[in-house]
Amino acid sequence: MKSNNKLNGFLGILFSLLWVFPVFWLVVSSFKNGTELFSYPMTLFPNNPSFDNYVVALFRFDFIRYTANTAFITIIATVITLIMSSMCGFALAKYKYIWLKVLFICLLATTMLPTEVIMRPSFTVIYKLGLYNSLWACIIPTVGTMTGVFLMRQFFTSIPNELLEAARIDGANEGRIFVSLMLPLCKSQLAILGIFSFRWRWNDFIWPLISLRSPDKYTLQIALRTLSGAEAVDWTTLLAASVLTMIPVLIVFILFNRQIMSTNVSSGVKG
Amino acid sequence: MNISVRKKNNLDTKQKWALFFCAPNILFFLIFFVIPATLGISYSFTNYNGLSRMDFVGLVNYVKLFKDLEFYKVLFNTIKFTLVSVPLGYFTALFLALLLNNEKIKGNSLMRILIYWPTLLSTIMVGLTWRWIFGENFGILNYILQSFDLEKIKWATDSNAAFITTIIAFVWANCGTNMLIFIGGLKQIPQSLHEAAKIDGATALQDFIHVTLPGLSAVSFMIVILSIITAFKSFAMVLTLTGGGPGSATTYMIQYIYQTGFDKMQVGYSSAASMVMFAILLIVSVIQT
């Protein structure tokens, strides 16, 4: 049994290293200069580590603007997602009307037809709404996420109805019950949804791809895609830029890894 | 009488509140799901090219689609990709879950974090990370092969090698989530079942086959369905990793839909392809329920 544990531990370390290596290699490579990057023999660590690539990525490549665009989309979309999901999730969990059941099934159906499949007609809708080439085109279509509603509905179902009835007898109206009684209860659930929404929007590719045209509106993902799609890929800039785009998600993960890892919502459903 | 009227009014205000709470979601559901879906279906019966007016052409797009060898190739690529990546991803995730579910191993939560971490990367980043490793002339993998006096592998120009790169990147990026779901499932299996099996003299393998696997069946099913959908949707990762090439060897459905719908402006034709893909996803989802 003991040697079995040793083998397990060894395999565990081997696989974790295997899983970490690709990103690790990306990060160490980003500190190598252009000649070292493509010269043999390769070394694991850079001979003369330098931040030159980062300086180029930050200033010559319009990194700060792309970050600002992405941050704007991420923050606004996350706030709206939290408000809408908690409202709709609450209604779906706590009121019993037939049309609510129908709505729930309709929302479930959206998971069967991902945006990727209907990109072209979605583009038409964006265009007709006058949202083309606007950052709002990456916000508005995404905030009605089924995953968010589902998550909040699951949570509100677990709250006893007696709590609501008591508040109703005290004369509170439904809006008040929701804002001052229900919302404070679901703080941790909102935090989890917020973390997920942050990651979905920060990493989003589809909506920015179909709705943003001019380079000053680009998000980080589109900028990375443009850099990597070039005829001659400028790896020095690309490596540094890609490491920079990972940092915010890394920070969120370090801060909240316990919540992220322990939630069953990490069931792979994308928002 | 009075009471029942009041009750009815009460009911109506409650219903109004419910409607108020759901209104934004209903609105966005109509605008960004119902309308595009309907438009997609109607486009597929027209010759719309994104610019001029569109004419109804009946089933012409579908007929064209089913005669198009390129479409068959892309569909075949996508199915091949799914059939290889889903089982491989499934068993890798299960293996890692069994490995890291053992609480006696020191640092197993750190190992879980390390394996989970890639799932947080954007699909673009996943593609880039692996492209940097699989570079034919600058990638570390070929460098390692060469230092063992082995032949370089043409990751970008050989279609089979390029296919393998997409599989590896996909499994690497999606394994963490599935592993966590499996660990959750393993914790649900009562310890007493394992003990009973042990008393009955079951070997570790028998215990795995007759206790662990049946205990994971619900979780397994969910993982398989979700992985199939994710695999079918692969787009940005492959786009950055191989660009769909060489030729169209690793072009999958979404990329094909994007190319025909946006680059070539064959909106009608592209929408017909979308509908075929929708039908496939629908069948997968129906099996799920």
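B:Asp149 is exposed, with 6 other C-beta atoms within 10 Å. The model is predicted, and in it B:Asp149 sits in the loop between α6 (140-147) and α7 (159-188) of chain B. The phi of B:Asp149 is positive, near 60 degrees, in a residue other than glycine. Most residues other than glycine have a negative phi.

**Positive phi in chain A**

- A:Asn133 is not a glycine, yet has a positive phi of about 65 degrees.
- The position of A:Asn133 is in the loop between α6 and α7 (146-157) of chain A.
- A:Asn133 is partly exposed, because 14 other C-beta atoms lie within 10 Å, and a residue counts as exposed at 12 or fewer and as buried at 20 or more.
- A:Gly130, which follows α6(A), also has a positive phi, near 75 degrees.

**Contact between chains A and B**

- Chain A contributes 66 residues to the contact and chain B contributes 76 residues.
- On the side of chain A that touches chain B, at least two residues each come from α1 (2-29), α4 (63-94), α5 (98-109), α6 (119-128), α9 (174-185), α10 (187-203), α12 (220-229) and α13 (235-262) of chain A.
- α1(A) gives the most to this side, with 14 residues.
- By residue class, the side of chain A that touches chain B holds 40 nonpolar, 21 polar and 5 charged residues.

**Domains of chain A**

- Chain A is divided into domain 1 (1-50) and domain 2 (62-262).
- The centres of domain 1 and domain 2 of chain A, taken over C-alpha atoms, are separated by 34 Å.
- Contact between the two domains of chain A involves 6 residues of domain 1 and 6 residues of domain 2.
- α1 and α2 (34-37) of chain A each supply at least two residues of the side of domain 1 that touches domain 2.
- α1(A) provides the largest share of that side of domain 1, 3 residues.
- The residues on the side of domain 1 of chain A that touches domain 2 of chain A are 3 nonpolar, 3 polar and no charged.
- A:Thr35 lies in helix α2 of chain A and is exposed, with 8 other C-beta atoms within 10 Å.
- From A:Thr35 to A:Ala172 the separation is 137 residues in sequence and 70 Å in space, C-alpha to C-alpha.

**Packing of α4(A) and α10(A)**

- The axes of α4(A) and α10(A) are 9 Å apart, and the helices pack at an angle of about 140 degrees.
- α4(A) and α10(A) are therefore oblique to each other, since only angles over 145 degrees count as roughly antiparallel.
- Their crossing is right-handed.
- On α4(A) the contact is made by A:Thr70, A:Ile73, A:Thr74, A:Ala77, A:Thr78, A:Thr81, A:Leu82, A:Ser85 and A:Ser86.
- On α10(A) the contact is made by A:Leu190, A:Leu193, A:Gly194, A:Ser197, A:Phe198, A:Arg201 and A:Trp202.
- The contact of α4(A) with α10(A) consists of 7 nonpolar, 8 polar and 1 charged residues.

**Burial of α6(A)**

- α6(A) is largely enclosed by the rest of the structure, because 7 of its 10 residues are buried.
- The buried residues of α6(A) are A:Met119, A:Arg120, A:Pro121, A:Ser122, A:Phe123, A:Thr124 and A:Ile126.

Technical notes
Residues are numbered from 1 along each chain as its sequence is written. Chains are lettered from A and ligands numbered from 1 in the order in which they are written. This is a predicted model: local features need pLDDT of at least 70, side-chain atom pairs count only at pLDDT 80 or more; totals for chains, interfaces and linings use all residues. Two residues are in contact if their C-beta atoms, placed from the backbone, lie within 7 Å. Helices (H or I, at least four residues) and strands (E, at least two) are DSSP runs, numbered from the N terminus. Ala, Val, Leu, Ile, Met, Phe, Trp, Tyr, Cys and Pro count as nonpolar, Asp, Glu, Lys and Arg as charged, and the others, Gly among them, as polar. Domain bounds come from an automatic or database domain assignment. Axes are lines fitted to C-alpha atoms, for helices over the stretch in contact, and angles run from 0 to 180 degrees between N-to-C directions. Angles under 35 degrees count as roughly parallel, over 145 as roughly antiparallel, 65 to 115 as roughly perpendicular and the rest as oblique. A crossing is left-handed if the near helix is turned anticlockwise from the far one by less than a right angle, and right-handed if clockwise.
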